Amino acid sequence: MNNKPDYIVVGRFGRPKGVSGEIYVIPISDNPERFQKSGSFWMESEAGWKKVELVLIQFASGKPVVKIEGIDSPEQAKSLTNGYLYIKGTDLGELPDGAYYHFDLIGCRVVDTGGTKLGELVAVEEFPANDVWVILDGNGKRKSFPAVRQFIKNVDIENKLIEINPPEGIFDSPDED
């Protein structure tokens, strides 16, 4: 099942650098090799999606600095600041077993091991120790769930269903007896 979005944001443009149209990119990607080599990326414009070529990638203080074909001055580069850089969804690589793209998880029904519906996964928040899934319950309340392997029993992306064994009390409401 291919439910990949058409375009995936992988970076946001920062400030220009130098006099030849280079610009910093703030990576928004778990793939550290994304900005290691030149190649094709995409930008959204008023006229629609536009393919751009990164003709030079270098690093300044550990941050990627790129040169886009046709952007030749600091003024042109500045016009990109706070804009986003994308790849096509079809360019995403396959993940190892047990790893999922956030967009695959969003919208999945979440049930416990007894089949009780706990809600729908509406967001994934990233933290250094582990991700936290935000689950909207049937009463419209948001619950935070630690996305730790020991609590996740089954992820069925095709059927949009996640089965978990949550720690005791995490889905209990303090308002209930």
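Two strands are taken to pair if DSSP finds at least two bridges between them. Helices (H or I, at least four residues) and strands (E, at least two) are DSSP runs, numbered from the N terminus. The structure is a predicted model, in which local features need pLDDT of at least 70 and side-chain atom pairs count only at pLDDT 80 or more, while totals for chains, interfaces and linings use all residues. Residues are numbered from 1 along each chain as its sequence is written, and side-chain values use heavy atoms, with hydrogens and water left out.

Strand β1 (7-17) pairs with β6 (residues 84-88) in the antiparallel sense over 5 bridges. In this pairing Tyr7 stands opposite Lys88 of β6. Strand β1 is also joined by 5 bridges to β2 (residues 22-27), and these two strands run antiparallel. Here Phe13 has Val25 of β2 as its bridge partner. The hairpin of β1 and β2 has 4 residues between the strands, and Gly18 takes a positive phi near 80° in it.

An open sheet of 6 strands shows mixed pairing, in the order β10-β9-β8-β7-β12-β11. Because β10 (142-146) and β11 (152-156) stand at the edges with a single partner strand each, one side of each is left without a neighbour in the sheet. Neighbouring strands of this sheet are turned by 35° against each other on average, direction ignored; axes are lines fitted to C-alpha atoms, for helices over the stretch in contact, and angles run from 0 to 180 degrees between N-to-C directions. Within the sheet, β7 (residues 109-112) and β12 (residues 161-164) run parallel and are joined by 4 bridges. Arg109 has Leu161 of β12 as its bridge partner.

The largest pocket holds about 1000 Å³ of space. On a 1 Å grid over the protein atoms alone, a pocket is an open set of points with protein on both sides within 12 Å along at least five of seven lines, and lining residues have an atom within 4 Å of a point. Grid points are joined across faces, edges and corners, and the volume is the space filled by probe spheres set on the points. Of the 32 lining residues, Asp30, Leu95, Tyr100, Tyr101 and His102 are the closest to the centre of the pocket. Two or more residues of the lining come from each of β1, α2 (102-105) and β11, and β11 gives the most, with 4 residues.

By the rule that a side-chain nitrogen of Lys or Arg lies within 4 Å of a carboxyl oxygen of Asp or Glu, the count comes to 1 salt bridge. It is formed by the side chains of Asp72 and Lys67 (2.8 Å, N to O). Asp72 is partly exposed, with a relative accessible area of 48%, whereas Lys67 is buried at 12%; buried means under 20%, exposed over 50% and partly exposed in between (1.4 Å probe, protein chains only).

Gly89 lies in the loop between β6 and α2 and is buried, with a relative accessible area of 1%. The C-alpha atoms of Gly89 and Ile8 are 5.8 Å apart, although the two residues are separated by 81 residues along the chain. Asn82, in the loop between α1 (74-78) and β6, has a positive phi near 70° without being a glycine. Lys160, in the loop between β11 and β12, is likewise not a glycine and has a positive phi of about 55°. Asn82 is partly exposed at 48% relative accessibility, and Lys160 is partly exposed at 21%.

Note on methods
1 Å grid on protein atoms, 1.4 Å probe; cavity = no way out; pocket = protein on both sides within 12 Å on 5 of 7 lines; lining within 4 Å.
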